[in-house]
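Have a look at the fold before reading on.

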Amino acid sequence: MKERYFTKSKFSLSMECPTKLYYASKPNEYASTKSDDQFLKALAEGGFQIGQLAKCYYRDSNPIDLSDLSNDDAAYKTSELLLRDEVVIFEAVIIHNNLFLRADILVKKNNHFRIIEVKSSSANPNDQPVFMKKRGGILSDWLPYIHDIAFQKLVLQNAFENSTISAYLMLLDKTSTCPTDGLNQKFKISLDTNGRTKIIVSKSLSDEDLSRKLLREFNVDDEINYVYNVEKYKDGMSFDQYVSYIANMHVNSEKVYPIPGKVCAKCEFNSPDSNTLNGFRECWAEACNFKNSDFEKQSILDVWYYTKKDELIHNGIYRPIQLNENDINPKPDNKAGWSRSERQWLQVQKAQNNDQTDCLDKDGLSFKVDKWVYPLHFIDFETAMPAIPLNKDAPPYQPIAFQFSHHVLHQNGKIEHVDQFINNEIGVNPNINFVRTLMLSLNRDSGTIFRYHNHENTYLNFIYREIFNSKDHIEDKEALLDFIKSITQSPSDSIEKWTGDRCMVDLCYLVQRYYYDPATKGSTSIKKVFPAILQRSTFLRDKYTKPIYGATDGISSLNFKNMQWLQNKNGKIIDPYQLLPPLFTDIDITNKDIDLLFPDIEIKGGGAASIAYLRMQFSSMTPIEREALTNALLKYCELDTLAMVMIVEAWLDMLKQT
Ligand code: SF4
């Protein structure tokens with residue numbers, strides 16, 4: 001096989017940014033932060049299992065699966081099979097000039113092809129149109145998928161000019177539910193002897209398991225026609241002109257001149273690996289004239305929640321120093337604390353003045369603190385959304401809350417890790433037990449409850465709907481529903497609206513409105529705020545440099561003994577998350593790296609803990625491995641709630657300072 005074929009994945013990468021193609025083609029020179037670990041991806045995204053389930057729906061058509069063949073062998077076999085009048089092929093290889101594709105499912109019937117791309121995203125067939133905006137144009141969330149299948153249809157049409165083709169996306173159907181219990185257990189993820197990820201389909205997979213389809217084919221010919229005939233690409237090129245241009249650039253190993261934009265903020269070629277070249281730095285040096293010292297300072301990419309990044313970067317504004325007040329237009333929003341624009345302006349001004357001090361709106365925060373009821377409770381959930389649900393009648397991406405941690409801070413400063421919950425059983429939906437245990441844990445008093453961001457509220461609302469709609473007899477159904485309502489806010493799409501009288505306080509929101517530390521570069525993620533405040537607060541530094549956590553006369557802990565959370569290396573505090581045992585001992589990857597690798601699937605329960613749970617569900621583990629992973633998860637979640645406690649401790653101390 002020619003080394004320089006242009007594949008659909010390369011095409012998709014070029015649609016994110018065409019310059020990336022060059023760096024991706026030189027992996028030994030340019031490091032990438034994106035995981036190419038297929039096993040982790042399979043766990044995180046569920047795509048491998050969905051791909052296999054899709055194939056099972058075709059099992060009555062005697063399909064031929066070429067996935068185990070090399071590209072060359074699969075190309076040869078495909079051309080042989082396509083001599084037949086009718087055939088269904090999995091992973092067929094089609095080559096035309098320098099364009100190459102492996103089609104998930106290709107169905108040939110005489111002179112007509114159906115090409116089907118399987119994705120693990122979910123869509124609602126009742127949304128009409130599903131993929132187009134009402135006023136025309138493809139919805140941005142679906143555009144990468146439409147581009148992907150449009151590329152495949154183009155290659156196929158070029159290769160078979162006299163055939164007709166219809167193209168489909170096969171997606172999880174939001175309106176469908178699982179026909180049986182334990183279907184997900186019939187698609188186990190494993191590694192073969194070459195270290196490649198494989199899905200083992202159980203021999204017990206029955207007709208009943210496939211009787212109600214979780215996946216549905218959506219015809220996308222209209223959307224593809226729109227892409228071919230209306231959309232414009234680089235320098236006004238049409239779709240096929242762009243494909244031919246970018247394929248030639250790739251084949252000739254030429255770099256597309258970078259056009260930086262907000263997309264650069266998440267560029268995978270901005271790797272901290274100092275032994276390799278850094279594609280991000282190369283682009284910004286080339287196109288924005290950045291010097292080495294510029295990369296140490298904040299750039300326009302760091303300005304928090306700023307929507308004009310593309311516009312300003314394209315106008316040559318790359319640094320906060322180049323911004324003026326009119327670019328931000330700071331003004332209040334009739335709520336307590338800083339508005340979004342006021343916080344942005346604070347960040348910009350500090351960057352302009354090279355002011356590294358933190359900023360706490362003491363009056364504003366004090367007003368909130370005065371309303372808190374002690375003891376204060378801090379909770380954090382670990383959750384997952386398996387694409388193939390655990391139970392009969394559950395929808396795809398069934399929300400599962402499998403773990404929580406609960407810390408208490410008393411008015412006298414005493415801290416206790418009072419409770420935790422974890423369920424690591426295979427195929428068991430823990431949601432009701434989870435919320436029942438949480439209710440017992442929180443209802444001992446009426447103290448204020450804290451969460452960090454919306455995750456806990458979102459999942460409790462998911463469970464509310466699950467319990468509300470359940471046809472099973474749940475003895476304490478009303479009590480559970482009342483409890484959830486008492487500590488949550490109703491979801492925005494709920495007909496019934498409520499705000500619980502003990503509604504959880506969002507600590508992240510308080511950070512957004514009252515606290516800014518330049519060390520976080522504008523981020524309000526707890527993974528950035530926690531290490532920054534630990535470095536900043538003398539109170540925390542004095543307290544946690546001693547091994548008091550889990551000590552007999554220190555802070556009670558359910559999982560740690562004599563832990564010293566504040567440890568230094570080369571004068572810098574070690575991020576406490578780096579002190580935890582890794583969740584994946586057999587893969588060379590840290591918990592933090594996993595969180596960074598899959599940041600976009602948070603609502604699906606992305607992140608290290610969720611992936612660890614999915615691993616327990618979908619791969620073979622010995623009881624010893626399972627226990628070790630469970631213990632690591634308990635520590636991981638405990639630190640999440642402890643981090644919240646420490647942020648509040650630091651604030652309370654700062655409020656006492658004059
Ligand atoms: S830094 Fe920006 S322009 Fe360069 S490759 Fe990454 S996304 Fe593209």
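## Domains

In this predicted model, the centres of domain 2 and domain 4, taken over C-alpha atoms, are separated by 27 Å. The domain assignment places domain 2 at residues 262-356 and domain 4 at 511-656. The other entries in that assignment are domain 1 (37-229) and domain 3 (372-506).

Domain 2 and domain 4 do touch: twelve residues of domain 2 are in contact with seven residues of domain 4. On the domain 2 side of this contact, five residues are nonpolar, four are polar and three are charged.

## Around the ligand

Which residues surround the ligand? The shell is made up of Cys17, Thr19, Lys20, Pro258, Pro260, Val263, Cys264, Cys267, Phe269, Gly279, Phe280 and Cys283. By class, nine of the shell residues are nonpolar, two are polar and one is charged.

Helix H9, which spans residues 279-288, gives the most to this shell, with three residues.

## Helix H16 and its partners

H15 passes H16 in a left-handed crossing. In this contact, Leu460, Ile463, Tyr464, Ile467 and Phe468 of H15 meet Lys477, Leu480, Leu481 and Ile484 of H16. Eight residues of the contact are nonpolar, none is polar and one is charged.

Helix H14 (residues 431-442) is another partner of H16: their axes come within 10 Å and cross at roughly 60 degrees. The crossing of H14 and H16 is left-handed. Here Val435, Arg436, Met439 and Leu442 from H14 meet Leu480, Phe483, Ile484 and Ile487 from H16. This contact has seven nonpolar residues, no polar ones and one charged.

## Backbone details in the loops

Most residues other than glycine have a negative phi, and most peptide bonds are trans.

Where are the cis peptide bonds described here? One runs from Gln128 to Pro129, with omega near -5 degrees. Pro129 lies in the loop between strand E4 (112-123) and helix H6 (143-159). Another cis peptide bond joins Tyr374 and Pro375, and its omega is about 0 degrees. Pro375 sits in the loop between helix H13 (362-369) and strand E10 (376-384).

You will find Asn97 in the loop between strand E2 (86-96) and strand E3 (99-109).

Conventions
Residues are numbered from 1 along each chain as its sequence is written. This is a predicted model: local features need pLDDT of at least 70, side-chain atom pairs count only at pLDDT 80 or more; totals for chains, interfaces and linings use all residues. A crossing is left-handed if the near helix is turned anticlockwise from the far one by less than a right angle, and right-handed if clockwise. Helices (H or I, at least four residues) and strands (E, at least two) are DSSP runs, numbered from the N terminus. Two residues are in contact if their C-beta atoms, placed from the backbone, lie within 7 Å. Ala, Val, Leu, Ile, Met, Phe, Trp, Tyr, Cys and Pro count as nonpolar, Asp, Glu, Lys and Arg as charged, and the others, Gly among them, as polar. A residue is near a molecule or strand if its C-beta atom, placed from the backbone, lies within 6 Å of it. Domain bounds come from an automatic or database domain assignment. Axes are lines fitted to C-alpha atoms, for helices over the stretch in contact, and angles run from 0 to 180 degrees between N-to-C directions.
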